[in-house]
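Student: Could we go through this structure together, taking a pair of helices and then some individual residues?

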Amino acid sequence: MKLQIKVDEETGKITDACFKTFGCGSAIASSSVATEWVKGKQMEEVLTIKNTEIAKHLSLPPVKLHCSMLAEDAIKAAVKDYEAKRAKQNGSAEAPLEKAADA
């Protein structure tokens, strides 16, 4: 399960999300719900989405709860990846200035 998010830099809101999932219908449905639920929300807000909410919304049977867990993990991973890339981007932009100041 792979989840990609597009974030508005100014507002910090997720403007779009898409997924790629290989697996059963429950996994695909969980991914789809995750993308719909994250759109238009702040980064901090989407981290509060729990797998139990996804499972309840989809009426997943107990043997398919792992699918909703994957969706929750995918949301957290997408946010973490975005923040890591943003920190790296900001860090690399500031690094030459720091070196210039040291010289």
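Tutor: In this predicted model, helix H1 passes helix H3 in a right-handed crossing. The contact is formed by Ala29, Ser30, Val33 and Trp37 on the H1 side and by Glu53, Ile54, His57 and Leu58 on the H3 side.

Student: Is H1 roughly parallel or roughly perpendicular to H3?

Tutor: The axes of H1 (residues 25–38) and H3 (residues 51–58) come within 10 Å and cross at roughly 115 degrees. Because angles of 65 to 115 degrees count as roughly perpendicular, H1 is to be described, relative to H3, as roughly perpendicular.

Student: Is serine 26 buried or exposed?

Tutor: Serine 26 lies in helix H1, and, leaving aside its neighbours within four places in sequence, serine 26 is in contact with Leu60, Lys64 and Cys67. Its relative accessible area is 16%, and because buried means under 20%, serine 26 is classed as buried.

Student: Which backbone oxygen does the side chain of serine 68 reach?

Tutor: Serine 68 is found in helix H4, which spans residues 65–102, and counts as buried at 0% relative accessibility. Beyond its neighbours within four places in sequence, serine 68 is in contact with Ser30, Asn51, Ile54, Ala55 and Leu60. At 2.7 Å, its side chain reaches the backbone oxygen of leucine 65.

Technical notes. Residues are numbered from 1 along each chain as its sequence is written. This is a predicted model: local features need pLDDT of at least 70, side-chain atom pairs count only at pLDDT 80 or more; totals for chains, interfaces and linings use all residues. Side-chain values use heavy atoms; hydrogens and water are left out. Helices (H or I, at least four residues) and strands (E, at least two) are DSSP runs, numbered from the N terminus. Buried means under 20% relative accessible area, exposed over 50%, partly exposed in between (1.4 Å probe, protein chains only). A polar contact is a pair of N or O atoms within 3.5 Å; within protein, one must be able to donate a hydrogen and the other to accept it, and residues adjacent in sequence count only if both atoms are side-chain atoms. Contact means heavy atoms within 4.5 Å. Axes are lines fitted to C-alpha atoms, for helices over the stretch in contact, and angles run from 0 to 180 degrees between N-to-C directions. Angles under 35 degrees count as roughly parallel, over 145 as roughly antiparallel, 65 to 115 as roughly perpendicular and the rest as oblique. A crossing is left-handed if the near helix is turned anticlockwise from the far one by less than a right angle, and right-handed if clockwise.
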